[in-house]
Amino acid sequence: MRRLALLLALVAAPAFAVEPDEVLDDPALEARARDISAGLRCPVCRNESIDESNAGVSRDLRLMVRERLVAGDSDAEAVQAVVDRYGEYVLLKPDASGANLILWLAAPGLLILAGGVAFVSIRRRASGPEDRLTEDEEARLRDILKP
């Protein structure tokens, strides 16, 4: 029974990241804050959203998002405020525009390039050696290899 309770506590640990004193009274604003928090990366935890992270900076970011929403900011404005402060690194899903477009296209481009190189090298290898022996060279080789 204790193991089950421990297992449930470990599985549900990310759900405890948002503390009760952070939760907004307005359920609609709280839902918006949760949606925004789920899309923002914790600067400390790497690939963990601020909604799941227990780090102090994540708590500060959650509070900042909630303050912005209470002040009347739209979701985009609240996210932009966080991005202005911490850079695009905090976005779990960065925009595919501008300089980021190069990063988004680099991996598929390199995969296509590698596939092309592999295809060409396999075709060359399958066609066999390009330098064949002349008839005289083959006769001389047979003479050398005779027992």
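Analyst: A term first: buried means under 20% relative accessible area, exposed over 50%, and partly exposed in between. Please note that this is a predicted model.

User: Where does Arg34 fall, buried, partly exposed or exposed?
Analyst: Arg34 has 31% relative accessibility, so it counts as partly exposed.

User: Which salt bridges does Arg34 form?
Analyst: Arg34 pairs with Glu30, with the closest N and O atoms 3.3 Å apart. Both residues lie in helix α2, four residues apart, about one turn of the helix. Arg34 also meets Asp51 in a salt bridge at 3.6 Å, N to O. That pair links distant parts of the chain, as Asp51 sits in the loop between α2 and α3, 17 residues apart from Arg34.

User: And what about Arg66?
Analyst: Arg66 forms a salt bridge with Glu30, the closest N and O atoms being 2.7 Å apart. This pair joins helix α3 to helix α2 across 36 residues.

User: Is Arg66 buried or exposed?
Analyst: Arg66 is buried, because its relative accessible area is 2%. Glu30, at 9%, is buried, and Asp51 counts as buried at 14%.

User: Changing topic: how many residues does the largest nonpolar core have?
Analyst: The largest nonpolar core has 19 residues, and Ile36, Leu40, Val65, Leu69 and Val82 have the most contacts inside it. Helices α2, α3 and α4 each give two or more residues to this core. The largest share, five residues, comes from α3.

User: Lastly, which residues gather in the patch of negative charge on the surface?
Analyst: The patch consists of Glu135, Asp136, Glu137 and Glu138. Glu138 is found in helix α6 and is partly exposed, with a relative accessible area of 37%.

Conventions: Residues numbered from 1 in each chain as written. Predicted model: local features only at pLDDT ≥ 70, side-chain atom pairs only at ≥ 80, totals over all residues. Heavy atoms only, no water. Patch = residues over 30% accessible without salt bridge, like charges linked within 9 Å, V, L, I, M, F, W, Y side chains within 5 Å. Areas by Shrake-Rupley, 256 points an atom, 1.4 Å probe, with all protein chains shown as cover. Salt bridge = Lys/Arg side-chain N within 4 Å of Asp/Glu carboxyl O. Lys, Arg positive; Asp, Glu negative; His and termini not counted. Charge placed at Lys NZ, Arg CZ, Asp CG, Glu CD. Buried < 20%, exposed > 50% of the residue type's maximum accessible area, 1.4 Å probe, protein only. Core = buried A, V, L, I, M, F, W, Y, C linked by side-chain atoms within 4.5 Å.
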